[in-house]
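Hi,

Here is the structure I promised to pass on. Have a look at it first, and then read my notes below.

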Amino acid sequence: MSLLEIDGLNLEIHGTPILRDVSLTVEAGQIVGIIGESGSGKSMTAFSVMQILPDGGLASGTVRLSDHDMLALSEEALCKLRGNEVGMVFQEPMTALNPIQQIGAQVAETVLIHENVSRAEAYQRAREALNRCELPEDKFPMSRYPHELSGGQRQRVVIAMAIALQPKLLIADEPTTALDVTTQAEVLSLLKRLAREDGTGLMLITHDLAVVADMADHIVIMRNGEVVESGPCPALFDTMQHPYSQALLAVSDHQPSREEHVTQEPLLSVKGVVRDYALPRSKLFAEQEYFRAVKGVSFNIRRGESLGLVGESGCGKSTLTRAILGLEQVQEGSILLDGEEVFTGKQPNRAVRRKMQVVFQDPYGSFNPRWTVRRLVSEPFHLLDELPDREAAIAEALQSVGLVAADADKYIHEFSGGQRQRIAIARALIIKPELIILDEAVSALDVSIRAQILDLLADLGTRFGLTYLFISHDLSVVRNVCDRCLVMQNGEIVERGVTADIFERPQHAYTKQLIAAVPRLP
Amino acid sequence: MLRFVLKRLLSLVLSLAVASVVIFLFVEVVPGDPAAYMLGMNAQEDTLNALREQLGLNGGLFERYASWVGGMLRGDFGTSYTYRTPVSEMIGERMWISLPLALFALALSTAIAFPAGIWAASKRGSFADVSVMSLTQLGVAIPNFWFAMLMVLVFAINLRWFSAGGFAGWDAGFWAAMKSLTLPAVALALPQASILARVMRSSLLDTLGEDYIRTARAKGLSRRQALWRHALRNALIPVLTIIGLQFSFLMAGAIIIENVFFLPGLGRLVFQSISARDLIVVESVVMLLVFAVIVVNFLVDIAYALVDPRLRVRA
């Protein structure tokens, strides 16, 4: 008798089939990885187990959790099981906690709602759960609010809520997708430790095979609402049959083919750049204090080169990006593009700005939803003094990223995440810049889509002679596409060199730590 | 939190100072000489001058501003040009009608809007939701003076439960006074409650779609528990904003309802003083209303911070 048995599960949402004949089992103490792209139905499988489906969701088949027929139980009975028999951890730690309630109260609520204990005891148990999730009392008292914690710490609070009652099954839905690599490694090992200690069944959902490869006992690969292949891990990696599984394996460590066109001439030259932010005054007439986000950074990018800039959130890489784009004034140093200052007087230098464009991380948030693609893509035209043939330029930009000219009349919601990122690239390409800054441009994408976008970028780089600055927290991305690499920590560049050298012979302790944190396939 | 309150207090005082200058200058540029208005068309120049002197209209700009503000701080609002009585007395009497009326209407509006909005949001798309939404649509659309007259017809003239107008006075006892404010308060509260219920509903629906509600449900909370424990307080911010705006409106904007029910409130006072060029009364009442609005905004700010810990830091 398995802990969780899903057998022939079908799910429709408002009549649209989402899951088809999904079957899988999770044994007590077993870690099961569920892998698939967005839209493969992996999260909906989890929601079917929890029975927290969106409105209009209709599930049929069998879902048995320690002998409870989850599809037949009343809402009241389900409430008794959720949080008690089965706990769940979600993808987005920044929004998963109630922003106006202290973390202690939120964890204690799990206990209070299921057990008839005093408040003091519930808080005591919440404290123990937080301690187990490596949030010690001296640094993380229960009176903390979520906004006082980082993303990784918030995810630990969510995990503490889920394990406070030591449920038999823990479901983690993309628990680390929104986190930096080092934080990801810590959270994954925490989940693994908790599951092993309590003998909990862990259902770990992710789009990245590498994430589960070295911790799962069993792997289930899903696509379009169906299970395409499953088997024990790591044995499955050698016996994979289904073309989709093999493709998934291939893209996990995808190496786009690139042609060298690097020259010696520097295109962008950053010299001794310092960026200070004014801190809020502690007293009314106290002296103004500053936070130094970038501490004297210098580097060059040669024309035609791909340079990687790697570091965790908060290391100063986004601040540096804004300075390079001329969006903010630097306090010391200079930034020259093609020999000209990017920031002159009190504003960005327009003549220089038109030579560089940026692609941001979030393909959902970085477009105005009420504009047509035509208007979105042609926005950088305001940087030009002489307008080219508008329609021809829009069509060319869209075609060069693999879309068609007719897409210009559509709105952004009609496109998938990968297509949106193509549109963002088209927007960057349209004025034929020389430098494109990719600020975590593929971090929010599934591995397979990510591989396609990386191929596209490599192809465009060759065709248009582009220079790239790749900014990312994810070393594996940088590894396969960059000629040289900079590693940034606390506003300083701690290591630099040819990418392959850095990966094979890292010198700085921080670089070693970053490389160790990257999940690997066997 | 204490620092937050002190900072807000400082900004309250500054806003008041700026508002007083603006009001003073505005009244200065309004055409019309109060002395000429009081003495009529045929007044002699020296009589006019003497009256201007007596009213304090002849000093320099700064001097007059200083004496106006200084007087207000001591509770002396000057003397009405038309009625020749101290402005503070006139305002005092009317304040005892306008303030309780505004509070009464606000309490009614909140008491109707909260349950209606929460009920509609918790049963989204159901018959209950649709009926609450249709009723509030009607409540926003109906002009409140028409509704007021309708209530007078039904409850005062036909049923004779309430009097058709006038104010019993607080001397007649608390309940008698409240009784004469009931129909006006209901007339004022109805459109406000409709707006507030709609804001409450949409704000609550927004928060019910948040990720942390899903987290709460995964902990084992029922839909209803998640709504009461997690969604409601998060949904309050926009609602508090509207309540603050509504109170300001009720203090100053009740003039039509005051006329329908023959209530001698602040709204009528301003209206009468403007038509009589009684600038000193206008100045003082406007300043008083500005004071009320700023104080209410201060209280709303404090309420925000009580609801949302993130705001305590940011201020």
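A word on terms before the interface: two residues are in contact when they have heavy atoms within 4.5 Å of each other. Please also keep in mind that this is a predicted model.

**Where the chains meet**

On that definition, the contact between the two chains draws in 29 residues from chain A and 23 residues from chain B. Together they bury about 2,300 Å², and carbon and sulfur atoms give 56% of that area. Three residues stand out on the chain B side: B:Arg214, B:Ala218 and B:Lys219 supply 27% of the area that chain B buries against chain A, more than any other three residues.

What about specific pairings? There are three salt bridges across the interface of chain B and chain A. In one of the salt bridges, the side chain of A:Glu109 meets that of B:Arg229, with N to O at 3.3 Å. Pairs like this can form because side chains of opposite charge can pair when their charged atoms come close. The interface also has 13 residue pairs in polar contact, counting those with both residues at pLDDT 80 or more.

Which elements of chain B give two or more residues to the side that touches chain A? They are helix 9 (211-219), helix 10 (223-252) and helix 14 (309-314). Helix 9 gives the most, with seven residues. Sorted by class, this side of chain B has 11 charged, six polar and six nonpolar residues.

**Chain B on its own**

Chain B has 14 helices and zero strands. Its C-alpha atoms fill a box of roughly 85 × 55 × 35 Å along the principal axes.

Chain B also carries a nonpolar surface patch of about 930 Å², whose members include B:Phe145, B:Trp146, B:Met149 and B:Ile256. Helix 7 of chain B (residues 144-158) gives the largest share of this patch, seven residues. B:Ile256, by contrast, sits in helix 11 (residues 255-260).

Leaving aside residues up to four places away in sequence, B:Asp301 touches B:Phe4 and B:Arg8. With B:Arg8 there is a polar contact from side chain to side chain, at 2.9 Å.

**A few things in chain A**

Over all chains, the search turns up 39 salt bridges. One of them pairs A:Lys42 with A:Glu174, their closest N and O atoms being 3.3 Å apart. A:Lys42 is in helix 1 (residues 42-50) of chain A, while A:Glu174 is in the loop between strand 7 (169-173) and helix 6 (181-198), so this pair ties together parts that are 132 residues apart in sequence.

Two bits of backbone geometry are also listed here. Most residues other than glycine have a negative phi, and most peptide bonds are trans. A:Cys233 and A:Pro234, however, are joined by a cis peptide bond, with omega about 10°. A:Pro234 belongs to the loop between strand 10 (226-232) and helix 8 (236-239) of chain A. The other case is A:Asp21, a residue other than glycine with a positive phi, near 50°. A:Asp21 is part of strand 2 (residues 16-26) of chain A.

That's everything from my side for now.

Cheers

Definitions and conventions: Residues are numbered from 1 along each chain as its sequence is written. Chains are lettered from A and ligands numbered from 1 in the order in which they are written. This is a predicted model: local features need pLDDT of at least 70, side-chain atom pairs count only at pLDDT 80 or more; totals for chains, interfaces and linings use all residues. Side-chain values use heavy atoms; hydrogens and water are left out. Buried area is the accessible area (1.4 Å probe) that two parts lose on being put together, summed over both. A salt bridge is a side-chain nitrogen of Lys or Arg within 4 Å of a carboxyl oxygen of Asp or Glu. A polar contact is a pair of N or O atoms within 3.5 Å; within protein, one must be able to donate a hydrogen and the other to accept it, and residues adjacent in sequence count only if both atoms are side-chain atoms. Helices (H or I, at least four residues) and strands (E, at least two) are DSSP runs, numbered from the N terminus. Ala, Val, Leu, Ile, Met, Phe, Trp, Tyr, Cys and Pro count as nonpolar, Asp, Glu, Lys and Arg as charged, and the others, Gly among them, as polar. Patches are made of residues with over 30% relative accessible area and no salt bridge: like charges are joined within 9 Å, nonpolar side chains (Val, Leu, Ile, Met, Phe, Trp, Tyr) within 5 Å. Accessible areas come from the Shrake-Rupley method with a 1.4 Å probe; for residues, only the protein chains shown count as cover.
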